[in-house]
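Student: Could you take me through the sheet in this structure, and what packs around it? I would like a close look at that one part, please.

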Amino acid sequence: DAIDTVDSAALVDKLDKRLDRRMPVLIEVNVSGEASKHGCAPGEVISVVDAVLASRMLAFEGFMTVGLRSSSEKEVRSGYALLRGIRDRVGSATGLSGLVLSMGMSGDIEWAIAEGATRVRVGTAVFGARV
């Protein structure tokens, strides 16, 4: 069990009060800036990381994002590179290594892996398109 969509210090606080056991989490970052996507803005990451690290019930594992909905490799990879940079800076600042980068789905898996993804979501490739 894990929570892959933590995106605010307020959510961290709510989870910390409601969970009855320690839960691993990924911080969701909206690297594309699309209104249709969830996640904190890149500039808000540090405050969310700090909240998770101070939490009793949450264990910080890394970051996740849903990439830009685009066929432009350059634009999609730019967002993934941004998240990799955030992960690297947070790792250096906290001394944490091996932080997860969950990014990429069936349509852009190669681009995500090229930008450092350690987890990918390939539901469509395995199960087919949603009906």
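Tutor: **The sheet and its surroundings**

Happy to. Five strands, in the order β1-β2-β3-β4-β5, make up an open sheet with parallel pairing. β1 (3–6) and β5 (119–121) stand at the edges with a single partner strand each, so one side of each has no neighbour in the sheet. On average, neighbouring strands here are turned by 35 degrees against each other, direction ignored.

Before we go on, a word on the source: this is a predicted model, in which local features need pLDDT of at least 70 and side-chain atom pairs count only at pLDDT 80 or more, while totals for chains, interfaces and linings use all residues. Residues are numbered from 1 along each chain as its sequence is written, and side-chain values use heavy atoms, with hydrogens and water left out.

As for the terms, helices (H or I, at least four residues) and strands (E, at least two) are DSSP runs numbered from the N terminus. Two strands pair if DSSP finds at least two bridges between them. Axes are lines fitted to C-alpha atoms, for helices over the stretch in contact, and angles run from 0 to 180 degrees between N-to-C directions.

Now let us walk across the strands. Strand β2 (residues 23–28) pairs with strand β3 (residues 58–64) in the parallel sense over six bridges, and methionine 23 stands opposite leucine 58 in β3. On to the next pair: β3 and β4 are joined in the parallel sense over three bridges, with phenylalanine 63 opposite leucine 101 in β4. Two bridges then link β4 to β5, which run parallel; here serine 102 stands opposite arginine 119 in β5. Five of the six residues of β4 are buried (under 20% relative accessible area; exposed is over 50%, partly exposed in between, with a 1.4 Å probe and protein chains only), so β4 is largely enclosed by the rest of the structure.

Phenylalanine 63 is also buried, with a relative accessible area of 0%, and phenylalanine 60 counts as buried at 12%. A search of the whole structure finds one aromatic pair. Phenylalanine 60 and phenylalanine 63 form it edge-to-face, at 5.4 Å centre to centre and 80 degrees between the planes. Rings of Phe, Tyr and Trp (its six-membered ring) pair if their centres lie within 6.5 Å, and planes under 30 degrees apart count as stacked, over 60 as edge-to-face and the rest as tilted.

Next come the helices. Helix α1 (residues 9–18) lies across β1 and β3 and runs at about 135 degrees to β1. Helix α3 (residues 73–94) packs on the sheet, touching β3 and β4 (100–105), and its direction makes about 175 degrees with that of β4. Contact here means heavy atoms within 4.5 Å.

Alanine 9 has its place in helix α1 and is partly exposed at 37% relative accessibility. Leaving aside its neighbours within four places in sequence, alanine 9 is in contact with Ser47, Val48 and Ala51.

Finally, look just past β4. Aspartate 108 lies in the loop between β4 and α4 (109–114) and is buried, with a relative accessible area of 10%. Apart from neighbours within four places in sequence, aspartate 108 is in contact with Val76 and Tyr80.
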